[in-house]
Each structure stands twice: as C-alpha cells, then as structure tokens.
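I opened a new structure today and kept notes as I went. The entries follow in the order I looked things up.

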Amino acid sequence: MRLKIASAIASDEQILRRRLPRAVTGDSLLRPYDEYKARGQVILQLAQSGSFFVDIFKVRGKFALSDAYEDHFMLPKGKIIMVTHRRIILLQQTSLITQRKFNPMRDPCSVLWDVPWDDLKTMELTRGKKDLHKAPPSRLVLHLKAKPTETKEQVRVIKCNRGTHQTLEVYSSVERAMITYGRNLSKELLKKATKPYSPVTDGTAIEMIPKEVASSWCPQ
C-alpha cells in the first residue's frame with residue numbers, strides 16, 4: 001500500500017476516484033451508498049461551474065454550497081430536473097455531448113431556471129398534445145406566487161417522458177421535499193454548508209405530514 005501511494009504521488013497522471021462521493025441529503029443522515037443519488041449530487045455540485053474535466057473538491061457550481069441534494073430525474077432532450085432541500089431546478093446538459101455518454105464529472109450542466117420553495121404556489125399534472133387519452137400525464141406545471149411587479153401568472157413547465165409515470169414521480173418528490181423543508185426550513189439550514197456534501201442542520205426533528213397524491217397541490 002505504501003508503494004502504491006508513493007507511486008501515485010510521484011506520477012504525473014490524473015488520479016481518478018473509484019466511486020463518486022456518497023449523497024448526503026438535507027437531513028444529514030448517513031444512508032447506504034446509492035450510485036444513482038451519488039451521480040445526482042455531482043450534477044448539482046457542478047451545475048453551471050463553467051469548467052470541464054473538473055475536480056469536484058476544487059470547482060463549485062451555482063448551488064454547491066447552498067443546496068443539499070434530494071432527488072433528480074433525467075428528462076427528454078438532455079434536461080434534468082433537480083430537487084434540493086431549498087428549491088427545484090431545471091438543468092440542461094451541454095450541447096457538446098454527441099456520440100459519447102453523459103458524464104456528470106466531465107459535463108457540467110447549465111441552469112435554465114430554479115424555483116425556491118417560498119415561490120411555489122401550486123402544482124398541476126397535465127397532458128401534452130401528443131399524449132394518448134388514457135396515458136399518464138407527461139407534464140408538471142408549477143404555478144409561482146405572483147409578485148407586485150408582475151401582471152401575468154408565472155408558470156414553469158416540466159416535460160417528462162411520455163407513456164411513463166415519471167411525471168407523478170417528480171410530483172411526489174417535489175411534494176415530499178416541500179413538506180419536509182418548505183415550511184420548516186430553519187435558520188441553520190439556510191446557512192451555507194462549510195464543507196461539500198455536509199449540509200448544516202440544527203439537529204431538530206422535522207415532522208413528516210403524509211398526504212395523498214392528487215392532481216393538484218397547494219401549500220396552503
């Protein structure tokens with residue numbers, strides 16, 4: 001082992017990780033390793049970092065130190081929906097990906113929009129024009145709270161994979177995060193994390209409120 005470490009230090013080649021860091025959500029609980037969630041955490045950490053072939057411990061994205069990863073979903077046309085303990089984010093994979101497979105370590109995504117929980121008014125499951133009559137809805141519409149300077153209602157549309165239950169899965173994930181963190185987000189949780197993958201919490205228990213999944217949802 002000593003010889004391996006010495007040769008690695010002396011080598012000019014880039015040392016790569018054997019696996020991605022374990023995902024740590026907003027409650028800071030240590031869970032069994034999940035490769036899918038680990039990939040999602042890296043996507044969040046490097047979103048809009050503006051660098052390629054990056055080191056996740058040296059380069060930080062837009063929400064790297066403020067948001068804790070909760071869940072993510074791969075959408076059509078290279079889009080990714082990201083759910084954190086503070087907001088929902090729509091990401092776009094880089095256009096440089098053509099024939100090779102998407103690599104979250106090498107392909108930082110750009111941020112199309114984000115909606116903090118305080119700005120989310122209600123959600124709605126709808127069908128797109130190309131959806132079959134009896135098929136599950138493929139679109140999730142987020143209705144935002146109106147601001148004094150805005151005259152029209154602001155919405156964000158999430159287009160999911162048609163013919164699947166992905167829209168309902170996104171709906172449930174957003175609802176779960178909103179119930180857990182939206183109303184009970186403490187001042188400690190709002191602080192920026194001092195270390196990556198270690199969101200700061202105040203240690204208090206957060207009450208989970210069970211809800212039945214419906215076609216629309218409103219925090220009121």
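I began with strand pairing. Strand 5 (residues 120-126) and strand 6 run antiparallel, joined by six bridges. I took helices (H or I, at least four residues) and strands (E, at least two) as DSSP runs, numbered from the N terminus. Two strands count as paired if DSSP finds at least two bridges between them. I looked up one partner: Leu120 is bridged to Leu144 in strand 6.

Before going on, I noted that this is a predicted model: local features need pLDDT of at least 70, side-chain atom pairs count only at pLDDT 80 or more, and totals for chains, interfaces and linings use all residues. Residues are numbered from 1 along each chain as its sequence is written, and side-chain values use heavy atoms, with hydrogens and water left out.

Next I followed strand 6 to its other partner. Five bridges join strand 6 to strand 7 (residues 155-159), and these two run antiparallel. Here Val141 has Val157 of strand 7 as its bridge partner.

Is strand 6 buried or exposed? Five of its six residues (139-144) are buried, so strand 6 is largely enclosed by the rest of the structure. Buried means under 20% relative accessible area, exposed over 50%, partly exposed in between (1.4 Å probe, protein chains only).

Then I turned to the cores. A nonpolar core is a set of buried Ala, Val, Leu, Ile, Met, Phe, Trp, Tyr and Cys residues joined through side-chain atoms within 4.5 Å. The largest has 23 residues, and Ile81, Ile88, Trp117 and Ile158 have the most contacts inside it. Helix 3 gives the most to this core, with six residues.

I checked Ile158 for contacts (heavy atoms within 4.5 Å). Not counting residues up to four places away in sequence, Ile158 touches Leu75, Ile81, Ile88, Trp113, Ser138, Arg139, Leu140 and Leu142.

Helix 3 got its own entry. Of its 17 residues, 14 are buried, so helix 3 is largely enclosed by the rest of the structure.

Last, I looked at backbone angles. Most residues other than glycine have a negative phi. Ser28 has a positive phi of about 65°. I found Ser28 in the loop between helix 1 (2-10) and helix 2 (35-46). Lys77 also has a positive phi, of about 60°. Lys77 sits in the loop between strand 1 (69-74) and strand 2. Lys77 is exposed, with a relative accessible area of 75%, while Ser28 is partly exposed, at 32%.
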